[in-house]
Amino acid sequence: MKEGNKYGAHRVLEPKGVLPQPAWRIDNTMEIYDNEILIDVDTLNIDAASFTQIEEAEGGDVKRMARHSLEIIAKRGKHHNPDTGSGGMLLGTVKEIGPKLKDRDLKVGDRIATLVSLSLTPLKVDEIISINKDTCQVKVKGQAILFESGIYAKMPTDMDEALALAVLDVAGAPAQAAKLCKPGQTVFIVGAGGKSGLLCAYEAHKRVGVTGKVIGIVHGDAGKKRLERTGFADVIFQGSATDQLFVYNEMVKHTNGEMADLTINCVDIPNTEMSSVLATKDEGVVYFFSMATSFTAAALGAEGIGADTTMIIG
């Protein structure tokens with residue numbers, strides 16, 4: 001069995017000298033190296049930004065969406081959307097473990113979700129069985145490779161797998177929110193009605209306390225109703241997060257011009273960077289969880305209006 005690089009560099013086909021995530025194309029043959037894990041894949045949880053782009057590009061036609069995804073994998077050896085730069089994660093069953101990883105708490109037959117992006121994961125899909133537009137989950141027959149450096153989670157046995165996968169997909173957002181939210185703060189959540197937004201709203205509500213305030217913007221009626229039912233937000237307003245002046249004016253109104261101490265951006269569409277910056281007070285923090293975020297737009301836009309904010313991306 002061949003020896004592999006810890007970070008999967010041995011799988012890179014082009015360009016040479018980079019790691020699998022930024023690589024244009026990687027080797028997706030399913031014969032494992034000594035430090036890899038082979039997974040029989042049954043579910044792809046496509047990143048929301050990528051899923052939205054594919055859905056819009058194909059007019060919502062699921063057959064064309066399936067073909068679009070298969071073409072990405074065929075060209076790149078991974079589900080790395082060239083338009084959004086993002087991927088997602090997967091769920092499957094461990095089929096084979098390289099000898100170098102035999103000491104791990106993992107065995108053949110275990111159900112795992114990968115916690116690394118599909119944009120760096122060697123993937124081969126034989127068939128797309130179904131696409132769920134509500135969850136961005138795609139049922140497939142395929143296989144994937146997890147590198148030595150790749151992290152994963154064993155699936156809980158007391159929770160529906162689709163639900164567990166959806167939560168694991170956005171687990172980084174509420175974890176970061178828990179670190180950033182402080183008692184008494186005003187926290188603004190962009191895209192508060194989605195998966196990551198709701199989880200962040202929960203953490204914010206719990207941590208800012210009775211002296212703080214949680215404000216959420218949602219786009220559609222369904223997201224508004226979801227957020228209202230939870231009781232996590234003190235103020236909810238509805239509209240497009242791409243409308244920068246609308247968001248700014250709403251935040252001026254709901255904070256008496258004080259603006260947010262912390263803004264958390266969870267939306268899956270581009271061009272919401274400046275709305276987040278405008279909503280945040282000087283010396284405040286903007287956390288961009290969305291994979292649709294443009295660092296250039298955020299940094300240069302903030303500079304252009306003289307905003308003294310700390311920005312966290314990831």
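Cys-266 is buried, with a relative accessibility of 11%. This value, like the others here, comes from a predicted model.

A disulfide needs two cysteine sulfur atoms within 2.5 Å. By this rule the model has 0 disulfides. Cys-136 takes part in none, and the nearest cysteine sulfur to it, that of Cys-266, is 14 Å away. For Cys-266 the closest cysteine sulfur belongs to Cys-200; because the distance is 4.1 Å, the two are too far apart for a bond.

Cys-136 is buried as well, and so is Gln-143. The values are listed below.

| Residue | Relative accessible area |
|---|---|
| Cys-136 | 13% |
| Gln-143 | 18% |
| Cys-266 | 11% |

Gln-143 counts as buried because its 18% falls under the 20% limit. Gln-143 is part of strand β7, which covers residues 137–146. Beyond the residues up to four places away in sequence, Gln-143 touches several others, among them Met-30, Leu-38, Lys-95 and Pro-122. Asp-40 is also one of these contacts, and a polar contact of 2.9 Å joins its side chain to that of Gln-143. Gly-92 is 51 residues from Gln-143 in sequence, while their C-alpha atoms are 8.4 Å apart in space.

Thr-293 sits in the loop between β13 (280–288) and α9 (295–304). Its side chain reaches the backbone oxygen of Ser-290 at 2.8 Å. Apart from neighbours within four places in sequence, Thr-293 contacts Glu-273, Phe-288 and Ile-313.

Key. Residues numbered from 1 in each chain as written. Predicted model: local features only at pLDDT ≥ 70, side-chain atom pairs only at ≥ 80, totals over all residues. Heavy atoms only, no water. Buried < 20%, exposed > 50% of the residue type's maximum accessible area, 1.4 Å probe, protein only. Helix = DSSP H or I, 4+ residues; strand = E, 2+ residues; numbered from the N terminus. Polar contact = N/O pair within 3.5 Å; in protein donor to acceptor, adjacent residues only side chain to side chain. Contact = heavy atoms within 4.5 Å.
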